[in-house]
Amino acid sequence: MKRPETRIIHTRGARLGTVTVNPPVERASTVLFKTEKALYDSKPGYGRMGLSVHRELEAALCELEGGSHVRLASNGLQACALAIASCVESGGHILIPDSAYGPTARFCERRLKYMGVSASRYDPRIGAGIADLIRPETQAIFMESPGSLTFEVSDIPAITAIARERGVTTIADNTWGAGYFLNPLDLGADIVVQAMTKYIVGHADGFGGAVITSDERLYNRIGMASEDFGISLAPDDAYLCLRGMRTLHTRLRAHEAAALELANWLADRPEVSEVLHPALPSSPDHALWKRDFSGSSGLFGVVLNAIPEGGMDRFLGALHLFGMGFSWGGYESLLIPCDHQLTRSKDSWTASRAGPLLRIHVGLEAVSDLKAELDSAFAALKGPA
């Protein structure tokens with residue numbers, strides 16, 4: 001059987017006429033038909049449902065994640081919200097990790113409340129202990145591994161095994177693993193979501209989200225919710241997602257190697273208290289990561305030691321190759337301070353840390369240049385000699 005990177009490159013749908021390397025981008029709302037029967041029976045009957053490029057993207061995503069059904073969304077948050085809303089109903093309950101992406105947690109704790117659904121958080125390292133938190137009304141468990149900002153690895157097989165016994169649906173955010181380094185469906189998850197905006201697009205110039213499953217019943221529920229909400233993905237963004245997938249293997253391996261080199265270098269810096277990267281042997285989650293993942297991406301965290309007043313402003317002001325902006329997964333390196341983004345249910349995580357938390361995405365620049373810039377920024381952080 002061909003390897004995933006080969007299958008993704010050669011996944012192409014049936015097309016009329018000449019088969020081009022890339023599919024045509026059909027910017028169309030209206031689709032014309034010759035008969036009344038075709039008008040009402042054909043799928044897609046309207047541009048919002050997607051056309052050629054969307055079908056090819058869906059096929060490639062199935063190859064990537066090992067699923068059989070895909071629904072596309074306009075961004076990653078919408079994909080998370082779609083998956084979650086498809087699995088819960090009034091009177092229900094959902095469990096989310098304390099390390100969940102902030103907007104996903106906000107959707108569960110704010111929007112679902114208006115829908116009559118309660119949400120509670122769990123320790124992302126809880127593993128089989130999740131059994132003690134499942135209530136009679138629990139309908140779904142959301143997972144994100146590694147966790148957003150703090151990079152804890154969850155024991156997906158342990159959580160999904162218990163959820164399956166209790167009849168609870170599991171949803172895994174696989175944006176960090178990108179479907180290439182981790183396959184949650186193979187580990188027992190019912191649904192996988194991705195923010196294709198990140199590594200799949202890969203160039204910081206498009207948006208996209210995906211919901212993938214192999215469960216026909218769940219797919220029908222996801223499909224109905226998607227239609228009811230009017231969710232769609234613009235054809236140009238679908239094209240950028242598909243184009244990015246063709247080079248995903250090469251880019252991810254480059255991000256992985258560069259990030260590991262930089263993470264190890266940072267771990268030896270006197271200014272650094274802790275590097276949050278599950279692929280490092282020093283990580284408390286390294287064994288789980290090694291068991292479930294086949295590699296690591298370019299995103300990780302760094303906790304600094306205590307810094308002098310004004311130090312962070314001086315540090316950030318010395319950065320030029322590292323941009324300061326949201327999102328990640330593109331070819332450019334990014335670095336943001338993110339203590340104020342943490343929305344942990346308890347303050348024990350931040351209370352136990354020495355200094356500020358940074359999130360770093362390592363792009364495709366020369367690592368030697370990134371090291372040199374950080375070296376200068378650390379010197380600026382300390383202030384005038």
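This is a predicted model: local features need pLDDT of at least 70, side-chain atom pairs count only at pLDDT 80 or more; totals for chains, interfaces and linings use all residues.

Guide: Residues are numbered from 1 along each chain as its sequence is written, and side-chain values use heavy atoms, with hydrogens and water left out.

Visitor: How much space lies in the largest pocket?
Guide: A pocket here is an open set of points on a 1 Å grid over the protein atoms alone, with protein on both sides within 12 Å along at least five of seven lines; a cavity is a set of points where a 1.4 Å probe fits but cannot get out, and lining residues have an atom within 4 Å of a point. Points are joined across faces, edges and corners, and a volume is the space filled by probe spheres set on them. For the largest pocket that comes to about 750 Å³.

Visitor: Which residues are closest to the centre of the largest pocket?
Guide: The lining counts 38 residues. By class these are 16 nonpolar, 13 polar and 9 charged, where Ala, Val, Leu, Ile, Met, Phe, Trp, Tyr, Cys and Pro count as nonpolar, Asp, Glu, Lys and Arg as charged, and the others, Gly among them, as polar. Closest to the centre are Tyr101, Gly102, Pro103, Ser148 and Arg359.

Visitor: Which helix gives the largest share of that pocket's lining?
Guide: Domain 1 (4–243) and domain 2 (248–381) each contribute at least three residues to the largest pocket, with bounds from an automatic or database domain assignment. Among the elements, taken as DSSP runs numbered from the N terminus (helices H or I, at least four residues; strands E, at least two), helix H4 (76–87) and helix H5 (102–114) each supply at least two lining residues. The largest share, 6 residues, comes from H5.

Visitor: Which element gives the most to the lining of the second largest pocket?
Guide: This pocket has a volume of about 630 Å³, and of its 27 lining residues Pro44, Met49, Gly50, Arg55 and Glu58 are closest to the centre. Helix H2 (36–41), helix H3 (52–65), strand E1 (69–73) and helix H7 (216–229) each supply at least two residues. With 5 residues, the most comes from H3.

Visitor: Which element gives the most to the lining of the largest cavity?
Guide: The structure holds 2 cavities of 30 Å³ or more, and the largest has a volume of about 30 Å³. Its lining consists of Glu5, Ile8, Ile9, Tyr180, Met245, Arg246, Leu248 and His249. Two or more of these come from each of helix H1 (4–9), helix H8 (235–246) and helix H9 (248–267); the most, 3 residues, come from H1.

Visitor: How many nonpolar residues does the lining of the second largest cavity have?
Guide: Leu266, Val302, Leu304, Phe315, Leu335, Leu358, Ile360, Leu374 and Phe378 line this cavity. The lining has no polar and no charged residues, and its nonpolar count is 9.

Visitor: Which residues does Lys371 touch?
Guide: Lys371 lies in helix H13. Between Lys371 and Glu332 there are 15 Å, C-alpha to C-alpha, at 39 residues apart in sequence. Counting contact as heavy atoms within 4.5 Å, and leaving out residues up to four places away in sequence, Lys371 touches Glu261, Leu262 and Trp265.
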